[in-house]
Amino acid sequence: GAVVSQHPSWVICKSGTSVKIECRSLDFQATTMFWYRQFPKQSLMLMATSNEGSKATYEQGVEKDKFLINHASLTLSTLTVTSAHPEDSSFYICSARELFGSGTRLTVV
Amino acid sequence: GENVEQHPSTLSVQEGDSAVIKCTYSDSASNYFPWYKQELGKRPQLIIDIRSNVGEKKDQRIAVTLNKTAKHFSLHITETQPEDSAVYFCAATPYILTGGGNKLTFGTGTQLKVEL
């Protein structure tokens, strides 16, 4: 059945490095995917809308140069956290249709 | 944009009792209202949803009601069980994208604890 697959499930990186997170739609095509960020015990906050073949749409307050989104195919969107800092540590989760990926726990040390 | 408020933030019930979580939304154009269950460290799981042309929907022990006039919708869980313990989020969106997804605005979440 339709599933959204997200990798990696967790990653630890050094401050100043970049991290790429992949989100794939399995058994369906997704022209649009969404990236959310969730802090502990808080709700999901939409960061950006990923559009296949075109630029992502970012929510107010989200730095597009820091959170690079690429949606090169109908089944894959990637989020790259560039020059990561400890304050970027969070749970990042993607979605397509009403389905969510398993999330990525990013820890920047 | 859309604003979704959710109450209560925490809810404790005894096993077998019912639990009700309420949400209000601001955008009268919203037409799709899903509810998600999220266990610690895991992805949100869609448990039930309702569209604006329906007033109530039920799936076994879970039901959702929608009052478009008042702009509020509620989740009802009957005969609660310990495994129902989780965080529940309501959400709303003014449109549904075909072939893609729903740009959802989430409520702040309700921590449900079902006690033995």
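Predicted model: local features only at pLDDT ≥ 70, side-chain atom pairs only at ≥ 80, totals over all residues.
Visitor: Which elements run through chain A from the N terminus on?

Guide: The elements run β-β-β-β-β-β-β-β-β-β-β, with 0 helices and 11 strands in chain A. Helices (H or I, at least four residues) and strands (E, at least two) are DSSP runs, numbered from the N terminus.

Visitor: Why is chain A called as compact as a globular protein of its length?

Guide: The radius of gyration of chain A is 13 Å, close to the 13 Å given by the globule rule for 109 residues, so chain A is as compact as a globular protein of that length. The radius is taken over C-alpha atoms, and the rule is 2.2 Å times the number of residues to the power 0.38.

Visitor: What makes the pair of Tyr36(A) and Phe100(A) tilted?

Guide: The structure holds 11 aromatic pairs over all chains. In this one, the ring centres lie 5.7 Å apart and the planes stand at 50°, so the pair is tilted. Rings of Phe, Tyr and Trp (its six-membered ring) pair if their centres lie within 6.5 Å; planes under 30 degrees apart count as stacked, over 60 as edge-to-face and the rest as tilted.

Visitor: Where in chain A do Tyr36(A) and Phe100(A) lie?

Guide: Tyr36(A) lies in strand E4 (residues 32-38) and Phe100(A) in strand E10 (residues 99-100), 64 residues apart, so the pair links distant parts of the chain. Both Tyr36(A) and Phe100(A) are buried. Ring pairs also link these two with Tyr36(B), Phe89(B) and Phe106(B) into a cluster.

Visitor: What percentage of the contacts in chain B with a separation of 6 or more comes from residues 24 or more positions apart?

Guide: Such residues account for 55% of those contacts in chain B, where contact means heavy atoms within 4.5 Å. Chain B has 0 helices and 11 strands, and 43% of its 116 residues are buried.

How values were computed: Residues numbered from 1 in each chain as written. Chains lettered and ligands numbered in written order. Heavy atoms only, no water. Buried < 20%, exposed > 50% of the residue type's maximum accessible area, 1.4 Å probe, protein only.
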